[in-house]
Amino acid sequence: MKDKKKIIIIVSIVLILIIFLCFFIKKYYKNQKVGNNMSNKNIEEIEEYILNISSYWAKMEITVESNKNTNQYVIEQTYQKGKISKQTVLEPSNIAGIQIIYEQGTLTINNTKLNLTSVYKNYEYLTQNCLWLDSFIQDYIANKPNNKTSITEENDIITMETMTQNQNNKYIYEKELYIDKKTGKPTKLLIKDINKKNLIYISYNEMTVNGLQ
């Protein structure tokens with residue numbers, strides 16, 4: 001009787017290990033398949049993939065140009081469509097730790113160094129801010145029926161261009177998103193003024209797309 005129970009326990013453990021092994025193998029090959037097939041997608045499929053990004057995490061370098069000076073920042077962004085948008089400043093040191101969080105209509109600004117928090121209810125959708133990738137996606141989708149967008153490919157780099165929806169803002173007038181065709185990930189975002197001068201340059205140093213739940 002004891003031997004029978006022992007056999008049942010051993011068999012159960014083996015089955016559980018097999019299930020876990022199958023799960024991880026399936027997940028691994030799924031990721032491999034997505035990665036390997038991305039370079040085989042045509043330009044229209046890459047465009048659709050970008051426009052359907054539902055979540056991302058990114059570490060970004062941002063350069064803001066003005067007539068008088070140039071300012072540089074390093075920030076992290078976390079975006080989950082319909083859930084949360086979070087931005088944390090990493091550099092420069094004098095404003096490092098400042099967090100901007102938008103969730104369910106509430107905007108929260110945290111200063112982690114000073115332990116200060118400000119909360120604003122019923123705040124306008126945060127990702128209309130031009131620093132967010134979702135802002136580019138919204139502009140592109142809105143302008144595509146009006147032929148105010150374009151997409152081109154050169155040397156495995158895909159460039160998506162669009163006008164902003166608010167054409168009254170002469171400083172944030174056009175946007176260009178560059179995508180690495182091999183990975184399907186954005187590499188940089190340029191925001192130009194009405195004279196086509198680069199106003200904001202965003203470089204995506206690290207990025208995870210559609211990997212957040």
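How are helices α2 and α3 oriented to each other? In this predicted model, helix α2, which spans residues 43-51, packs against helix α3, residues 133-143, at an angle of about 125°, and their axes lie 10 Å apart. Angles over 145 degrees would count as roughly antiparallel and those from 65 to 115 as roughly perpendicular; α2 and α3 are therefore oblique to each other. The contact is made by E47, I50 and L51 on the side of α2, which meet I137, Y140 and I141 of α3, and by class it has five nonpolar residues, no polar residues and one charged residue.

In soluble globular proteins, nonpolar side chains tend to be buried together. The largest nonpolar core of the model has 31 residues, and among those with the most contacts inside it are Y56, L133, M160 and Y204. Both α2 and α3 are among the elements that give two or more residues to this core, as are several strands, including β1 (55-65) and β2 (70-80), while the largest share, six residues, comes from β11. When neighbours within four places in sequence are left aside, Y204 is in contact with residues that include A58, M60, L133, L177 and L189.

Strand β2 is also joined by seven bridges to strand β3 (residues 84-91), and the two run antiparallel, with Q80 having I84 as its bridge partner in β3. These strands form a hairpin with three residues between them, in whose turn G82 has a positive phi of about 75°. Strand β3 is in turn joined to β4 (residues 98-103) by five bridges, again in an antiparallel arrangement, and Q87 stands opposite I100 in β4. The hairpin of β3 and β4 has six residues between its strands, and G97 in the turn has a positive phi of about 95°.

Methods
Residues are numbered from 1 along each chain as its sequence is written. This is a predicted model: local features need pLDDT of at least 70, side-chain atom pairs count only at pLDDT 80 or more; totals for chains, interfaces and linings use all residues. Side-chain values use heavy atoms; hydrogens and water are left out. Axes are lines fitted to C-alpha atoms, for helices over the stretch in contact, and angles run from 0 to 180 degrees between N-to-C directions. Helices (H or I, at least four residues) and strands (E, at least two) are DSSP runs, numbered from the N terminus. Angles under 35 degrees count as roughly parallel, over 145 as roughly antiparallel, 65 to 115 as roughly perpendicular and the rest as oblique. Contact means heavy atoms within 4.5 Å. Ala, Val, Leu, Ile, Met, Phe, Trp, Tyr, Cys and Pro count as nonpolar, Asp, Glu, Lys and Arg as charged, and the others, Gly among them, as polar. A nonpolar core is a set of buried Ala, Val, Leu, Ile, Met, Phe, Trp, Tyr and Cys residues joined through side-chain atoms within 4.5 Å. Buried means under 20% relative accessible area, exposed over 50%, partly exposed in between (1.4 Å probe, protein chains only). Two strands pair if DSSP finds at least two bridges between them.
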